[in-house]
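Let's take a friendly walk through one protein model. Have the sequence and the 3D view ready as you read.

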Amino acid sequence: MPDISGYLKNIADNGLYACHETIYRYVYSAEGKELRLYRHLFRSRKHRNRRGNRIPRELRGIPRDMWIRNRPEHIDLRKEFGHWEADLMMFQKALGKANVTTLTERKSRYIVLIKNESRHSNTVMSSIRERLQKFSKPLRQTVTFDRGSEFLYYTLLSRQLNIKSYYCDPRSPWQKGTVENTNSRIRRFLARNTDLEKVSNDNLAAIANRMNNTPRKCLGYKTPKEVLEQNLQIY
């Protein structure tokens, strides 16, 4: 339809033309429906979807109750433990496909770092499951992801650990700002030009341990590890 309106604009006399929205409105008007003009549209829909109800392509296939806009308010307010955010830290392509999953617990800011050899969803989500199952049930309630394909195998968490997954809106990584902030701190130790082949799991554990034992202003100058251990038994 934008092609038609653009064509009309080019050939119109005295600058008169019809924008694509005007054309759509006529197609779906009573007269347009009687003439069955919708048959000439690209998707040939008999009825036009309400614009506010259109579902972005990235949201399709993910149940509506898993959209971040439907995440319970108490998670937003950090009123209890066990709600995590996840992200994937990428490195220069020339250095291979290895990457690091960052998990951050929203209330305590406690972090877990996991090395992956690829971005395949089964690989990434399996490693998240293996690490979270080490925590007690109160500490593994939900995880919030972005819409990267590496995070779409949420059934691994729901079926085996009863963990609920939530997904940010398309192109809205700021909606999981806790882990985004964590990544910026981790980049001091793992720059984008880091060769992960030279970084062992022990190295990653040491980085996570250092960050989990660093006092944070947002925690009243307690460390993430202290906040967790004072309130819940980690293992």
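Cys218 is partly exposed because its relative accessibility is 43%, where partly exposed lies between buried (under 20% relative accessible area) and exposed (over 50%), judged with a 1.4 Å probe on protein chains only. This is a predicted model, in which local features need pLDDT of at least 70 and side-chain atom pairs pLDDT 80 or more, while totals for chains, interfaces and linings use all residues. Residues are numbered from 1 along each chain as its sequence is written, and side-chain values use heavy atoms, leaving out hydrogens and water.

Here are the accessibility values side by side.

| Residue | Relative accessibility | Class |
|---|---|---|
| Cys218 | 43% | partly exposed |
| Cys168 | 0% | buried |
| Glu85 | 0% | buried |

Now to Glu85, which sits in strand E1, residues 83-89; strands are DSSP runs of E with at least two residues, numbered from the N terminus. Beyond its neighbours within four places in sequence, Glu85 is in contact with several residues, including Thr102, Val143 and Gly177, where contact means heavy atoms within 4.5 Å. The Glu85 side chain also makes a polar contact with the side chain of Arg106 at 2.6 Å and reaches the backbone nitrogen of Thr178 at 3.1 Å. A polar contact is a pair of N or O atoms within 3.5 Å; within protein, one must be able to donate a hydrogen and the other to accept it, and residues adjacent in sequence count only if both atoms are side-chain atoms.

Definitions and conventions:
Helices (H or I, at least four residues) and strands (E, at least two) are DSSP runs, numbered from the N terminus.
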